[in-house]
Amino acid sequence: MEIKNIAVIGLGLMGTPIVTLLLRAGYAVAGFDIVEERISHLVPLGMKPAKSPRAASVGADLIILSLPNWEIVREVVEGQEGLLEGVGRGQIIIDTSTVPPWETAAMAEKLATRGIAWMDVPISGSSAQAKVGNMVFMAGGEREVFAEVKPVLDRLGKKTVYVGKNGHAAMLKLVVNHILFLNQAAAIEGLVLGVKAGLDPETLLDVITSGAAASDLILARGRDMLAGNFEPKGPVDLAVKDLGLSLQSAQRLGVMLPMGGLYHQFLLKAHYNGWDRRDATVVMKVYEELAGISGSAIQNLEKTRAEQYLKGGAI
């Protein structure tokens with residue numbers, strides 16, 4: 001089956017760029033989100049607005065979900081005006097959300113009895129990467145279904161990987177996220193240590209990004225972190241949920257993840273501070289408070305330079 005008509009449910013940080021890229025690739029796209037403004041922004045680009053998941057799914061060859069958590073995924077599928085009221089035999093649903101592997105595997109079994117194909121297809125990449133099609137898709141489910149959806153995914157991202165049976169891609173996404181969060185923790189600790197020691201933040205960042213400690217995270221967000229700019233690319237509330245899922249999976253498997261458990265506490269502190277909609281790197285502010293640092297490193301540097309200038313000193 002050639003996929004031509006696609007429905008996208010969830011038009012947030014990842015769903016919006018997915019719709020945009022699909023439209024540019026020439027697909028007919030219907031979309032739904034509970035936030036009306038997100039729908040209205042995409043209609044001028046050619047997206048057909050829908051009033052419910054059920055309405056969006058009617059006539060779709062492929063339904064793509066991009067949702068915050070499993071509870072919402074289940075409601076979208078099984079709730080009132082949900083997908084099961086509109087989807088029929090032969091249609092395909094792929095869930096790009098970060099969800100419990102055991103839940104998505106169970107959903108695949110349940111929908112298979114109705115002749116509906118379900119794949120877990122989480123994404124590695126931030127919302128900024130999604131906007132330019134720089135995503136990696138991990139797919140779990142039947143190989144035959146993967147062969148049908150791969151051409152679509154290849155138009156959206158830079159790489160599409162078949163991982164294995166249902167639930168395996170969701171598990172791999174948790175592994176990827178776990179490593180990313182620990183990388184985030186290491187970057188924050190190193191930057192705070194350097195700032196507290198009085199190192200020039202621009203020199204600090206230049207050397208880190210040029211040497212062995214460079215990472216995608218610090219290349220993409222290091223300057224924002226030092227400037228105290230925490231506009232969400234991966235917000236705190238989702239980070240708390242995602243790292244929590246890897247810890248839950250570890251507990252189910254009998255695996256110890258002490259470093260991840262500790263960093264989860266720092267993310268929870270950011271959540272308790274009311275920073276849910278700020279980028280997860282805002283945890284740096286918690287570290288700065290513990291270190292007795294006030295203001296961002298770059299702001300403090302600019303203030304020092306201004307004071308030196310006013311005193312007639314060198315800058």
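Predicted model: local features only at pLDDT ≥ 70, side-chain atom pairs only at ≥ 80, totals over all residues.
Trainee: Why does Ser-52 count as buried, and why does Glu-81 count as partly exposed?

Mentor: Buried means under 20% relative accessible area, exposed means over 50%, and partly exposed lies in between, with a 1.4 Å probe and protein chains only. Ser-52 is at 5% relative accessibility and therefore counts as buried, while Glu-81, at 32%, falls in the partly exposed class.

Trainee: Where are Ser-52 and Glu-81 found?

Mentor: Ser-52 belongs to the loop between strand 3 (48-49) and helix 3, and Glu-81 to the loop between helix 4 and strand 5; helices (H or I, at least four residues) and strands (E, at least two) are DSSP runs, numbered from the N terminus. Once neighbours within four places in sequence are set aside, Ser-52 is in contact (heavy atoms within 4.5 Å) with Phe-32 and Glu-81.

Trainee: What makes Lys-48 count as exposed?

Mentor: Its relative accessibility is 58%, so Lys-48 counts as exposed. Lys-48 lies in strand 3, and beyond its neighbours within four places in sequence it is in contact with Val-29, Ala-30 and Gly-31. The C-alpha atoms of Lys-48 and Val-29 are separated by 6.1 Å, although these residues are 19 apart along the chain.

Trainee: Which residues of helix 4 are the buried ones, and how do you know where they lie around the axis of the helix?

Mentor: Within helix 4 (residues 70-78), Trp-70, Val-73, Val-76 and Val-77 are buried. Seen down the axis, these buried residues fall within an arc of 125°, so they line one face of helix 4; the arc is that of the directions from the helix axis to the C-beta atoms. An α-helix has 3.6 residues a turn, so residues three or four places apart point the same way. The buried residues of helix 4 pack against several elements, among them strand 1 (5-9), helix 5 (101-112) and strand 6 (117-120).

Trainee: What caps the N-terminal end of helix 4?

Mentor: Asn-69 does, with a side-chain oxygen that lies 3.2 Å from the backbone nitrogen of Glu-71.

Trainee: Why does Ser-215 count as buried, and what does its side chain reach at 3.2 Å?

Mentor: Ser-215 has a relative accessibility of 14%, and therefore counts as buried. It sits in the loop between helix 9 (201-210) and helix 10 (216-227), where its side chain reaches the backbone nitrogen of Ile-218 at 3.2 Å. The side chains of Ser-215 and Asn-183 are also joined, by a polar contact of 3.5 Å.

Trainee: How many cavities of 30 Å³ or more are counted, and what makes a space a cavity and not a pocket?

Mentor: The count comes to one. On a 1 Å grid over the protein atoms alone, a cavity is a set of points where a 1.4 Å probe fits but cannot get out, whereas a pocket is an open set with protein on both sides within 12 Å along at least five of seven lines, and lining residues have an atom within 4 Å of a point. The largest cavity holds about 40 Å³ of space, and its lining includes Arg-221, Asp-224, Phe-230 and Lys-233.

Trainee: Which elements give two or more residues to the lining of the second largest pocket?

Mentor: That pocket, with a volume of about 200 Å³, receives two or more lining residues from helix 1 (15-24) and from helix 2 (36-42). Helix 2 gives the most, with three residues.

Conventions: Residues numbered from 1 in each chain as written. Heavy atoms only, no water. Polar contact = N/O pair within 3.5 Å; in protein donor to acceptor, adjacent residues only side chain to side chain. Points joined across faces, edges and corners; volume = space filled by probe spheres on them.
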